[in-house]
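Please keep the sequence and the structure in view while reading.

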Amino acid sequence: MSVSRIYPKQIVPILSGGGTRLPAHIGILQALDDLNVKHETIVGVSGGSIIAAMYAKGFSVAEMKHLALNTDFRQFADFSLWRLLREGGLASGDVFEKWLDEQLDGATFASLKYPLHILATDVNGGGPALFNKETTPDVHVSAAVRASMSIPLIFSFKQFGDKLLVDGAVLSEDALFRDWQQDGTPSVCFRLQSRQKKEPLNKKARFALPTYVMLLIRTFMSALSREYVHAEHWHHTILVDTGEVSAVDFDANDIDKEALFEIGYNTTLAYLPDKLKKQYTQIS
């Protein structure tokens, strides 16, 4: 009797976290192509839902990378402290949602040929909020992405019926891992994590609140991304370490974006085959 280790040639990728670090998710998809690991369904959570939506619409990896490198993320940071007080977020998210809807040609979930699932968090007691062709066929994909990547304090809450939606990354891991294709195809969650960067403080600043709010958000998002991975899900999770690059680095330049792409690509190449081989051992 011999033991040969194999790993599946098909998975359901879960792209989790990201914010402005979305080039890392593009690198992950490029690595899946190069490893010849197929996927017929994709799941997007938080910033990862941006890339998941574009892939489901039919964007190639090259097209997504070109768009990321040539998009100024600062256009989405229409910050206002008055809006923070009134609507719970510095930015409305409307500029981003309109931009994404244009990229997706106004796609609804029903119009997509490739199965897409997007998860947000209902802070009004509802837990996970799932958007897909079955549950929300007529919803614009851009609206679901806008809800899923609503980083607390950065973007205003998104109302959807009786739900009050925020960042999908706030969800517990149990909400991510399910039989998405209903055929036993394994899921692998690619979760971006970062560490807090020490920022120089301007003690002479006239208005300290904006600085404090941004530091609070950076700290919260860094802590969230480094949350403990439960042992039950460890073999289905790949942590992609983006160093000190935060989910809210709207000033990212081409060099930063290219580096994030490489991090996602190299991490997937380095860890995915072994992760899958450890899960699937065939005795022949």
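## Threonine 242 and its surroundings

In this predicted model, threonine 242 touches Arg21, Gln193, Ser194, Leu260 and Ile263, when residues up to four places away in sequence are not counted. With one of these residues, arginine 21, the side chain of threonine 242 makes a polar contact through its own side chain, at 3.3 Å.

Threonine 242 is located in the loop between β11 (237-241) and α9. Its relative accessible area is 3%, and because buried means under 20%, threonine 242 counts as buried.

Since glutamate 258 belongs to helix α9 (residues 254-279) and lysine 65 to helix α3 (residues 61-69), the pair ties together parts that are 193 residues apart in sequence.

Helix α3 has Val61, Met64, Leu67 and Ala68 as buried residues. These residues lie on the same side of α3, because the arc they cover around the axis is only 130°. On the face turned away from that buried side, α3 carries the exposed residues Ala62 and His66.

In helix α5 (residues 94-103), the residues Phe96, Glu97, Trp99 and Leu100 are buried. Viewed down the axis of α5, the buried residues fall within an arc of 165°, and therefore they line one face of the helix, while Lys98 and Glu102 are exposed on the other side. The cover over the buried residues of α5 includes α2, α3, α6 (141-148) and β8. Aspartate 105, which follows α5, has a positive phi, near 55°.

## Strand pairing around β9

Strand β9 (residues 163-166) pairs in the antiparallel sense with strand β5 (residues 116-122) over two bridges, and in this pairing threonine 121 stands opposite valine 166 in β9. Strand β8 (residues 158-160) also pairs with β9 in the antiparallel sense, over three bridges, and here lysine 158 stands opposite leucine 165 in β9.

What do β8 and β9 form, and how many residues lie between them? The two strands form a hairpin with two residues between them, and glycine 161 in the turn has a positive phi of about 65°.

## Nonpolar cores

The largest nonpolar core has 60 residues, and those with the most contacts inside it are Met54, Leu116, Phe131, Val141, Val145, Phe190 and Leu272. Helix α2 (residues 48-57) supplies six residues, the largest share of this core.

Leucine 116 is in contact with Ile42, Ala52, Ala53, Ala56, Phe109, Phe131, Asn132, Lys133 and Val141, leaving aside its neighbours within four places in sequence.

Definitions and conventions
Residues numbered from 1 in each chain as written. Predicted model: local features only at pLDDT ≥ 70, side-chain atom pairs only at ≥ 80, totals over all residues. Heavy atoms only, no water. Helix = DSSP H or I, 4+ residues; strand = E, 2+ residues; numbered from the N terminus. Buried < 20%, exposed > 50% of the residue type's maximum accessible area, 1.4 Å probe, protein only. Polar contact = N/O pair within 3.5 Å; in protein donor to acceptor, adjacent residues only side chain to side chain. Contact = heavy atoms within 4.5 Å. Arc of directions from axis to C-beta. Pairing = 2+ DSSP bridges. Core = buried A, V, L, I, M, F, W, Y, C linked by side-chain atoms within 4.5 Å.
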